[in-house]
Amino acid sequence: MSVTVKEVLGLAAANAGRGDLDDTALSSASNADTAELLRCYNTVENEVALDFYPVARSQIFKPVGGKVAVTAFERQPVNILRVTDGKGRRLPFSQSAEYVGVEGEEVEIEYTYAPAQKSVGDKSEFGDKISARLLSYGTAAVYLLSRGCPAEAGEWERRYREALRAAGICRRTLSVRARRWV
């Protein structure tokens with residue numbers, strides 16, 4: 001079962017102490033508070049997709065002149081993961097802002113992308129891989145911060161980061177060993 005944006009917004013509103021934002025209020029796109037919560041949701045979904053749990057898809061292309069234009073992709077690619085030919089063999093490729101350079105008649109390109117902006121009736125880009133609860137924590141944190149409540153926002157941010165770690169998707173902090181002079 002896919003997580004819906006409306007479900008996340010309802011949980012985030014409750015987290016932020018906005019019990020007045022019920023299903024009816026959340027269904028109204030003209031409601032300023034709903035629009036603000038939706039903006040916060042889109043910020044969190046984008047952060048999770050770009051920093052913690054990349055969303056990927058594959059498409060088949062027929063390169064023209066050894067290039068596949070970025071505009072030919074269904075979604076705006078962030079990172080090309082792999083390019084294969086019709087037999088599944090990996091192909092070398094180059095990537096620029098305008099195109100992906102690859103030789104072949106028909107290629108399959110697997111890539112990550114940033115999620116499109118959502119509306120209240122949409123589904124989360126993550127399906128059921130990332131819980132509504134986790135997304136609601138981040139959404140509540142961003143919402144409270146935008147409303148000038150830094151202490152409450154900090155608490156929800158902490159819960160959001162803990163939920164990311166508990167879900168096993170938070171990247172470990174990288175550390176560099178201290179250098180020593182010999």
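User: How do helix α3 and helix α5 pack, at what angle and how far apart are their axes?
Analyst: In this predicted model, helix α3 (residues 32-52) and helix α5 (residues 150-166) pack at an angle of about 40°, with their axes 13 Å apart. That angle makes α3 oblique to α5, where under 35 degrees counts as roughly parallel, over 145 as roughly antiparallel, 65 to 115 as roughly perpendicular and the rest as oblique. The axes are lines fitted to C-alpha atoms, for helices over the stretch in contact, and angles run from 0 to 180 degrees between N-to-C directions.

User: What is the handedness of the crossing of α3 and α5?
Analyst: The crossing of α3 and α5 is right-handed, a term used if the near helix is turned clockwise from the far one by less than a right angle, with left-handed for anticlockwise.

User: And which residues in α3 and α5 meet?
Analyst: On the α3 side they are V44, E47, V48 and F52, which meet Y160, R161 and L164 in α5; contact means heavy atoms within 4.5 Å. The residues of this contact divide into five nonpolar, no polar and two charged, with Ala, Val, Leu, Ile, Met, Phe, Trp, Tyr, Cys and Pro counted as nonpolar, Asp, Glu, Lys and Arg as charged, and the others, Gly among them, as polar.

User: OK, what is the strand order in the open sheet that has β6 in it?
Analyst: The order is β1-β6-β3, an open sheet of three strands with antiparallel pairing. β1 and β3 are the edge strands, each pairing on one side only, and the twist averages 25° from one strand to the next. Strands (E, at least two residues) and helices (H or I, at least four) are DSSP runs numbered from the N terminus, and two strands pair if DSSP finds at least two bridges between them.

User: How many bridges does β6 make with β1, and how many with β3?
Analyst: Seven bridges link β6 to β1 (residues 55-61), and six link β6 to β3 (residues 77-84). T112 in β6 stands opposite A56 and also opposite N79, while E108 is the bridge partner of T84.

User: Why is strand β6 described as largely enclosed?
Analyst: Six of the seven residues of β6 (residues 107-113) are buried, so the rest of the structure largely encloses this strand. Buried means under 20% relative accessible area, exposed over 50%, and partly exposed in between (1.4 Å probe, protein chains only).

User: Is T112 buried or exposed, and what does T112 touch?
Analyst: T112 has 10% relative accessibility and therefore counts as buried. Not counting residues up to four places away in sequence, T112 touches P54, V55, A56, Q76, P77, V78, N79 and L81.

User: Switching to the sheet with β2, what is its order?
Analyst: That open sheet of three strands runs β2-β5-β4 with antiparallel pairing, and its edge strands, each pairing on one side only, are β2 (67-69) and β4 (94-95). Three bridges join β2 to β5 (residues 99-101), with K67 partnered by G101 in β5.

Terms used: Residues numbered from 1 in each chain as written. Predicted model: local features only at pLDDT ≥ 70, side-chain atom pairs only at ≥ 80, totals over all residues. Heavy atoms only, no water.
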